Amino acid sequence: MKLTEILKTLEKVAPVALSDAFCKKYAMYDNSGIIIDCNAQVNGAFFSLDLSAKAVKQAKAHGYNLIVTHHPAIYGGVSRINADDPIAQCIKSGISVISMHLNFDAAPEGIDYHLMRGLGGENCEILADIAGGGYGRVYAIQPTKFSEYSKIVKTAFSTERALFYGDSGRQVKKVASFCGAGCDDKAIAFAVSNGADVFVSSDMKHHEIAGLLEKGLNIIHLTHYSAENYGFNKIYNKIATGLQIPSEYFTDEDLL
């Protein structure tokens, strides 16, 4: 299949134009779409949250010449590339790369949506809404003691590296969640104003954690990888059969 045909299949989840619209509406930046085009028919696709050396090695072992990532393989300006860098290895090995970032985050059934579902939510208020989807959610969950909810979350997201702050005996009923590095002043204000008693995100700073605790919220600090790999894998499982080429999904256990 042509690379552009694979992109069209991926865009059934969320078109790259959704990323462009999201960036324009909320003054953000992204780089989604075809990142490396080796101008060859695609014989197999390897899905990985990141374009890592491990992912490139696995794609080569499978004989696949396409890697699909969530995080952009090239995000900002590139000043230099080493021959051992994954980007250079892909070009040398004839491996094309597609990255589906903010569009997959904000899709109606995208990564931020699946984070909510994994945390036990369904109907929600959305912080940054767009095209039937969006980013940042607050929703009710089945009332659960925080110590028990913490165990449920660790199991759901297959991680032992999550951190939990707050009253372990508290009955929690409402969650605010933001996939990836989604904690900032707007996210915190959104969570508080909508009555959340648990805040879930990744890559949080000390002052953000301290501030949330002072406002009376419990906190679940997931690894960035586990929070987004969960939804990216869900998307892969949904579209894999429609790709019409062999495909595999890679999870880096060291980052969960």
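Predicted model: local features only at pLDDT ≥ 70, side-chain atom pairs only at ≥ 80, totals over all residues.
View 1. The closest N and O atoms of the Glu109–Lys238 salt bridge lie 3.3 Å apart. This pair links distant parts of the chain, since Glu109 sits in the loop between α5 (102–106) and α6 (111–118) and Lys238 belongs to helix α10 (residues 224–239), with 129 residues separating the two.

**View 2. The salt bridge between Asp254 and Lys54, and the network to which both residues belong.** The side chains of Asp254 and Lys54 meet with an N to O distance of 2.7 Å. Distant parts of the chain are again joined here: Asp254 lies in the segment after β11 (247–250) and Lys54 in helix α3 (residues 53–62), the two being 200 residues apart. Asp254 is exposed, with a relative accessible area of 53%, while Lys54, at 36% relative accessibility, is partly exposed. Asp252 joins Lys54 and Asp254 in a network of salt bridges.

**View 3. The salt bridge between Arg137 and Asp112, two buried residues.** The side chains of Arg137 and Asp112 meet at 2.7 Å, N to O. Strand β6 (residues 133–145) contributes Arg137 and helix α6 contributes Asp112, so that the pair, 25 residues apart, links distant parts of the chain. Both Arg137 and Asp112 are buried, their relative accessible areas therefore being under 20%.

Technical notes: Residues numbered from 1 in each chain as written. Heavy atoms only, no water. Salt bridge = Lys/Arg side-chain N within 4 Å of Asp/Glu carboxyl O. Helix = DSSP H or I, 4+ residues; strand = E, 2+ residues; numbered from the N terminus. Buried < 20%, exposed > 50% of the residue type's maximum accessible area, 1.4 Å probe, protein only.
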